[in-house]
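Please open the structure in a viewer and keep the selection tool at hand.

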Amino acid sequence: MDCLENLDTITVLTSMEARRFFLYLNLHCNGKGEHMNIDVNECAMSCFRTCVKTASNGIDYVSLKNYVNITKKIELAINLYKEMHKRDEMIGVKFIPIEIKEKFTNRQNISIQIKYSKYQ
């Protein structure tokens, strides 16, 4: 029964979320350096709509509790892309995301820095 009790803590990445996130990264990668900064709130609004809530006034927001879930989804997506790269399924892309390098927090938002390598 312990497994069933913890089902709500399992993070699932759908194929649509993985595709949207890769497109999001492509739009935000300038090709300079080895890192890109991502606003987690903006990323969730674009890629991970299941983590976005709507307030009674109709404004979408991401709760602080969901930031952990979004970060897990990003880690799952990065691991997926790395595995696809190992299998030569990422031919022709500009870059391969490698890892979440750092997390930055301020009063307005949470940003993460993603390290990537240019496709060889």
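## The nonpolar core

Begin with Phe 21, Ile 74 and Ile 114, which touch the most other members among the 31 residues of the largest nonpolar core. A nonpolar core is a set of buried Ala, Val, Leu, Ile, Met, Phe, Trp, Tyr and Cys residues joined through side-chain atoms within 4.5 Å. Buried means under 20% relative accessible area, exposed over 50%, and partly exposed in between, with a 1.4 Å probe and protein chains only. Next, colour the elements that each supply at least two residues of this core: helix 2, strand 1 (35-39), helix 3, helix 4, strand 4 (95-105) and strand 5 (110-118). Helix 4 provides the largest share, six residues. In soluble globular proteins, nonpolar side chains tend to be buried together.

The model on display is predicted; local features need pLDDT of at least 70 and side-chain atom pairs count only at pLDDT 80 or more, while totals for chains, interfaces and linings use all residues. Residues are numbered from 1 along each chain as its sequence is written, and side-chain values use heavy atoms, with hydrogens and water left out.

Now centre the view on Ile 74. Which residues does Ile 74 touch, not counting residues up to four places away in sequence? They are Phe 21, Cys 43, Phe 48, Ile 100, Ile 112 and Ile 114. Contact here means heavy atoms within 4.5 Å.

## The whole chain

Zoom out and switch to a cartoon view. The chain has four helices and five strands, where helices (H or I, at least four residues) and strands (E, at least two) are DSSP runs numbered from the N terminus. Followed from the N terminus on, the elements run α-α-β-α-β-β-α-β-β.

Buried residues make up 34% of the 120 residues of the chain. A surface display shows an accessible surface of about 8000 Å², of which 52% belongs to carbon and sulfur atoms. Accessible areas come from the Shrake-Rupley method with a 1.4 Å probe, and for residues only the protein chains shown count as cover. Among contacts between residues at least 6 apart in sequence, 55% join residues at least 24 apart.

## The aromatic rings

Return to Phe 21 and show the aromatic side chains. The structure holds five aromatic pairs. Rings of Phe, Tyr and Trp (its six-membered ring) pair if their centres lie within 6.5 Å; planes under 30 degrees apart count as stacked, over 60 as edge-to-face and the rest as tilted.

Select Phe 21 with Phe 48: the ring centres are 5.7 Å apart and the planes stand at 35 degrees, so this pair is tilted. Phe 21 belongs to helix 2 and Phe 48 to the loop between helix 3 and strand 2, so the pair ties together parts 27 residues apart in sequence. Phe 21 is buried, at 0% relative accessible area, and Phe 48 also counts as buried, at 0%.

Phe 21 and Tyr 81 form a stacked aromatic pair, 6.4 Å centre to centre with 15 degrees between the planes. This pair links distant parts of the chain, with Phe 21 in helix 2 and Tyr 81 in helix 4, 60 residues apart. Tyr 81 is buried, with a relative accessible area of 3%.

## The salt bridges

How many salt bridges does the structure hold? There are three, a salt bridge being a side-chain nitrogen of Lys or Arg within 4 Å of a carboxyl oxygen of Asp or Glu.

- Select Lys 73 and Glu 17, whose side chains meet in a salt bridge of 2.9 Å, N to O. Lys 73 lies in helix 4 (residues 64-86) and Glu 17 in helix 2 (residues 15-28), 56 residues apart. Lys 73 and Glu 17 are buried.
- Select Asp 60 and Arg 49, with the closest N and O atoms of their salt bridge 2.9 Å apart. Asp 60 is in strand 3 (residues 60-61) and Arg 49 in the loop between helix 3 (40-47) and strand 2 (53-54), so the pair ties together parts 11 residues apart in sequence. Asp 60 is partly exposed at 29% relative accessible area, and Arg 49 is partly exposed at 38%.
- Select Arg 87 and Glu 83, where the closest N and O atoms of the salt bridge are 3.3 Å apart. Arg 87 counts as exposed at 55% relative accessibility, whereas Glu 83 is partly exposed at 33%.
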